[in-house]
Amino acid sequence: MDEHDLLARCWAPAVADARSGTDALGALPVAERIRAVARAGFSGIGLGLEDLHETRVTIGLEALRRVLDDVGLVWVQLGTLEDWWTTGDRRAVSDLDRMVVLEAAAALGAAQIVVAADTTTPMTSPTTMADDWLALAAQAEQVGAQVVLSAAPTSNLGTTERAARFVQQAGHPNGGLVLDIAHAVAGGSTVASLRAAIDPAFLFAVELSDAAGPDSVSTRAGDRRALPGGGLGDLPAFVHVARELGHGEPWGVEVRTAVTDGMSAADALRTAAAASRAVLDAADAIGAPAAPPMPSSSAPASAVDADLPYTPI
């Protein structure tokens with residue numbers, strides 16, 4: 001089977017979860033988290049806004065870049081930026097986050113900046129977000145990063161198909177879509193609907209996490225997702241269609257799930273990586289020649305099973 005680049009999407013949680021305690025991976029200092037991700041065989045990492053704000057006032061972004069280079073991580077994704085289309089106090093906070101994430105993208109050589117759709121009530125009309133999307137995509141282009149839209153089922157772009165239509169109609173070549181399979185499954189997408197809806201020119205990232213269950217939209221972050229292959233979606237089929245649409249590497253993996261809660265950072269990373277590689281191997285096999293049939297002769301399977309005369313020692 002082919003080797004694949006995996007990107008560990010392991011944003012540090014804002015607070016300890018009341019049910020399971022602080023996520024072990026998110027609780028690590030960012031430099032230690034980077035080293036743990038590299039030791040587990042990942043090729044990239046997702047760093048959250050809290051990581052970036054903290055790093056700027058502690059070790060500095062250039063020092064963090066040296067950590068990334070030292071361990072050999074080549075894919076860096078930053079996020080998640082919210083409220084980028086709003087006004088007033090929310091926009092003031094978002095603009096501060098935007099300044100930091102753009103600065104970090106330049107300093108860290110980040111490939112992508114993840115942005116969220118609107119999950120507030122009442123929902124924002126997508127048409128009112130288009131100009132801000134174009135401006136953000138242009139700003140990110142100046143620092144060498146793509147902008148990728150992650151649209152949860154609870155957002156104003158509640159299906160992957162709607163999110164795809166938004167980025168395609170906006171039309172900025174530096175602004176594209178995250179195909180988050182957990183979100184796609186929870187939003188009712190199928191392999192056929194994604195194939196029809198997504199323009200390959202705007203598919204910028206794929207995340208392999210699975211949808212945990214029918215109530216996955218409304219539960220906490222750790223419960224919304226299952227390990228790849230452990231939820232409702234036919235992940236090998238989704239991977240196959242992502243490849244048909246031109247996606248290459250890396251494959252994002254949300255490390256924190258209900259299964260990995262309570263594990264050590266090292267065990268959570270190894271578990272998520274193994275599940276992801278199993279899904280990718282299964283997708284590699286789609287369309288491959290069938291394995292040859294097992295022999296039909298009555299020959300014994302091993303010498304232990306052979307009906308041989310007993311010879312005394």
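Which strand holds the place of Thr 80? I looked and found Thr 80 in strand β3, residues 75–81. I note at the start that this is a predicted model.

**Entry 1**

The peptide bond from Gly 79 to Thr 80 is cis, with omega near 5 degrees. I then found a cis bond joining Glu 249 and Pro 250, where omega is about 0 degrees. Pro 250 sits in the loop between α11 and β10. I wrote down why I flagged these: most peptide bonds are trans.

Next I turned to Asp 83, in the loop between β3 and α5 (88–108). Its phi is positive, about 60 degrees, although Asp 83 is not a glycine. Most residues other than glycine have a negative phi. Is Asp 83 buried or exposed? The cut-off for buried is under 20% relative accessible area. Asp 83 has 18% relative accessibility, so I count it as buried.

**Entry 2: Leu 7**

I went to strand β1 and picked Leu 7. Leu 7 is buried, with a relative accessible area of 4%. What does Leu 7 touch, not counting residues up to four places away in sequence? I listed its contacts, among them Phe 42, Ile 45, Trp 75, Trp 251 and Val 253.

**Entry 3: Ser 155**

I found Ser 155 in the loop between β5 (146–150) and α7 (160–170). Ser 155 is buried, at 7% relative accessible area. Leaving aside neighbours within four places in sequence, Ser 155 is in contact with Ala 117, Asp 118, Thr 119 and Met 123.

**Entry 4: helix α12**

I followed α12 from residue 265 to residue 284. This helix has 20 residues and reaches 28 Å from its first C-alpha to its last, close to the 28 Å expected. Its buried residues include Ala 265, Leu 269, Ser 276, Val 279 and Leu 280. I looked down the axis: the buried residues fall within an arc of 165 degrees, so they line one face of α12. That buried set packs against β1, α1, α2, α11 and β10.

**Entry 5: α2 and α4**

How do α2 and α4 lie to each other? Their axes come within 10 Å and cross at roughly 15 degrees. The two helices are therefore roughly parallel. I recorded the crossing as right-handed. From α2, Val 30, Ala 31, Ile 34, Arg 35 and Ala 38 make the contact; from α4, Leu 64, Val 67, Leu 68 and Val 71 do.

Conventions. Residues numbered from 1 in each chain as written. Predicted model: local features only at pLDDT ≥ 70, side-chain atom pairs only at ≥ 80, totals over all residues. Heavy atoms only, no water. Helix = DSSP H or I, 4+ residues; strand = E, 2+ residues; numbered from the N terminus. Expected span 1.5 Å × (residues − 1). Buried < 20%, exposed > 50% of the residue type's maximum accessible area, 1.4 Å probe, protein only. Arc of directions from axis to C-beta. Contact = heavy atoms within 4.5 Å. Axes fitted to C-alpha atoms, helices over the stretch in contact; angles between N-to-C directions. Parallel < 35°, antiparallel > 145°, perpendicular 65-115°, else oblique. Left-handed = near helix turned anticlockwise from the far one by under 90°.
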